[in-house]
Amino acid sequence: YRIYLKPYNDDSSKNAINFINNVIKDLDSKPSNSKTQINGSYNSHINEDEDLKNVYKSMLIFMRSNLKLGTNDFDGCLYDLDYAYEIKNKINSDDVKDSFKDNLINLEKLYINKGNCYLGRKEYSKAINEYQNASNINPKNTIIFNKLAEIKKLNGDFIGAKEDYIKALFLDLENEETYRNLAEINKILGNNREAIENYKKSILLNPNNHLNYFSLADLYAESGELTLAEDFYSKTIKSDPNYIYALNARAKVKEKQKNYNGAIEDYSKSIEINPRGFSYFERGRLYEKLGLNSKALKDYSNLIKIYQNAISYSVRGLFRFKNKNYIEAIDDYNYAIKLDPNNSGYYYFRGISKRYLRKYKEAIIDLKKEEKLGYKSPNILVDIAYTYSLWDKNKNAIKYYNKSIEFDEGNLEAYKFRGILHLNLYNFLKAKND
């Protein structure tokens with residue numbers, strides 16, 4: 001059974017279920033007190049008598065119910081739980097029951113596991129009812145209060161969830177997971193100082209769990225305590241050197257402290273472990289900030305290799321646009337538009353790039369496309385007007401300056417550029433008014 005579950009996944013669970021089914025079938029097919037000779041020695045079958053047969057059958061069905069829960073077969077899980085309990089009740093010998101009491105299903109386990117099934121089905125009221133039934137049998141079971149808190153959290157009852165986690169801690173002050181769950185609830189409720197203390201307690205109980213350090217670092221970062229945040233991200237990395245989320249988060253904290261080279265170093269380590277697009281983008285952005293444009297361009301290009309989507313092309317396109325590499329920028333925005341033809345921003349930057357290359361007709365087409373896609377702004381109207389004026393289409397230019405002013409009577413850019421155009425056309429009074 002254990003061999004079938006290595007590694008644990010849906011397929012291995014199905015194999016284990018099939019194995020259990022075959023064992024149960026074998027149990028049912030053999031008479032009690034049978035023996036088999038193996039390698040010259042006699043070994044009694046596990047079903048030497050009816051009670052022992054029911055012990056193993058009940059245990060196997062209970063194991064099968066947990067496997068079905070893990071594969072989201074909630075109906076099958078509920079059926080097996082009742083079936084396992086029914087078989088268990090057929091055991092007559094108190095001595096046999098006592099010998100296997102830790103492995104056999106009891107009423108408390110029945111209620112808890114049924115609650116787990118209903119929780120999986122998101123039938124929260126039924127789950128709560130089962131957990132409360134279990135709590136009536138054993139009011140000192142911390143698992144029950146943790147489960148009740150989990151449901152209340154899912155239902156958005158964070159105050160109720162907090163109360164149940166506190167009840168669980170009252171029963172077991174050494175439960176690291178409960179402190180961590182309570183910290184998450186306090187974080188949601190905005191009680192960051194309480195959450196910090198919860199995580200500290202969790203760390204004391206289990207100093208080897210890197211997630212506790214990471215969550216505590218996140219809280220310090222959110223609170224603006226950047227030195228402490230960096231310290232706990234470093235402890236996270238020490239606990240798990242391959243945890244790239246901590247490297248990326250520490251890089252963000254270093255950037256806020258203007259330690260750009262330190263941030264780049266963290267992103268570089270993250271990329272060595274797992275070359276993800278996010279890390280390339282962030283490192284490229286920092287290279288760009290430091291004026292290391294060739295390195296920035298290389299990172300943005302690596303971003304495209306990982307994510308060949310419109311956003312990746314637009315990132316490199318914007319970088320090239322800002323560096324006045326308009327032909328290359330247009331190439332990138334061509335790809336971006338092909339992948340996402342309804343993004344107005346892509347047409348804008350491609351249109352302005354074409355205007356810088358004096359391709360005014362093509363620029364106008366792109367800028368009007370941006371306007372057509374719903375980007376209603378007086379500034380885009382000014383851009384269209386200005387492009388017309390560069391193209392010596394002065395009537396069209398004035399028309400779009402007028403539209404911009406109608407859209408926003410306080411648009412000083414429109415007045416200024418329309419005034420300059422009137423001046424160039426010797427319309428001095430209109431120029432003076434603008």
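Biologist: What covers the buried residues of helix α9?

Modeller: This is a predicted model, and what follows is computed from it. The cover over the buried residues of α9 includes α7 (142-154), α8, α10 (192-205) and α11 (210-222). The buried residues themselves are Glu176, Thr178, Tyr179, Arg180, Asn181, Leu182, Ala183, Ile185 and Asn186.

Biologist: How should I read the span of α9 (residues 176-188)?

Modeller: The idea is to compare an expected span with the distance between the end C-alpha atoms. The 13 residues of α9 should span 18 Å at 1.5 Å a residue, and the end C-alpha atoms are 19 Å apart, which agrees. Helix α2 (residues 50-70) can be read in the same way: the 21 residues of α2 reach 30 Å from the first C-alpha to the last, close to the 30 Å expected at 1.5 Å a residue.

Biologist: How many residues of α2 are buried?

Modeller: A residue is called buried when its relative accessible area is under 20%. In α2, 16 of the 21 residues are buried, so that the helix is mostly covered.

Biologist: Which residue with a positive phi follows α2?

Modeller: The general idea comes before the case. Most residues other than glycine have a negative phi. Asparagine 72, which follows α2, has a positive phi near 65 degrees, and it is a residue other than glycine. Asparagine 72 is placed in the loop between α2 and α3 (74-88). With 55% relative accessibility, asparagine 72 counts as exposed.

Biologist: Where does arginine 358 lie?

Modeller: Arginine 358 belongs to the loop between α19 and α20 (360-372). Although arginine 358 is not a glycine, its phi is positive, at about 65 degrees. Its relative accessible area is 66%, and arginine 358 is therefore exposed.

Biologist: Is aspartate 164 buried or exposed?

Modeller: The relative accessibility is compared with the cut-off. Aspartate 164 has 2% relative accessibility and therefore counts as buried. Aspartate 164 is part of helix α8 (residues 158-171). If neighbours within four places in sequence are set aside, aspartate 164 is in contact with Phe145, Leu148, Ala149 and Lys152.

Biologist: Which residues is alanine 221 in contact with, leaving aside its neighbours within four places in sequence?

Modeller: The contacts of alanine 221, with those neighbours left aside, are Leu226, Ala229, Tyr233 and Val253. Alanine 221 is found in α11. Its relative accessible area of 17% is under the 20% limit, so alanine 221 is buried. Alanine 221 and asparagine 72 are 149 residues apart along the chain, and 37 Å separates their C-alpha atoms.

Biologist: At what angle do α17 (residues 310-322) and α19 (residues 344-356) cross?

Modeller: For a pair of helices, one reads the angle and the distance between the axes. The axes of α17 and α19 cross at roughly 30 degrees and come within 11 Å. This angle is under 35 degrees, so α17 is roughly parallel to α19. The crossing of α17 past α19 is left-handed. From α17, the residues Ala310, Ile311, Ser314, Leu318 and Phe321 meet Tyr346, Phe349, Ile352, Ser353 and Tyr356 of α19. By class, this contact has eight nonpolar residues, two polar and no charged.

Biologist: At what angle do α13 (residues 244-256) and α14 (residues 260-273) pack?

Modeller: The packing angle of α13 and α14 is about 165 degrees, and their axes are 8 Å apart. An angle over 145 degrees counts as roughly antiparallel, and so α13 is roughly antiparallel to α14. Their crossing is left-handed. On the α13 side, the residues in the contact include Ile244, Leu247 and Arg250, while those on the α14 side include Tyr260, Asp266 and Ile273. The contact of α13 with α14 divides into seven nonpolar, three polar and six charged residues.

Methods: Residues numbered from 1 in each chain as written. Predicted model: local features only at pLDDT ≥ 70, side-chain atom pairs only at ≥ 80, totals over all residues. Heavy atoms only, no water. Axes fitted to C-alpha atoms, helices over the stretch in contact; angles between N-to-C directions. Helix = DSSP H or I, 4+ residues; strand = E, 2+ residues; numbered from the N terminus. Parallel < 35°, antiparallel > 145°, perpendicular 65-115°, else oblique. Left-handed = near helix turned anticlockwise from the far one by under 90°. Contact = heavy atoms within 4.5 Å. Nonpolar A, V, L, I, M, F, W, Y, C, P; charged D, E, K, R; others polar. Buried < 20%, exposed > 50% of the residue type's maximum accessible area, 1.4 Å probe, protein only. Expected span 1.5 Å × (residues − 1).
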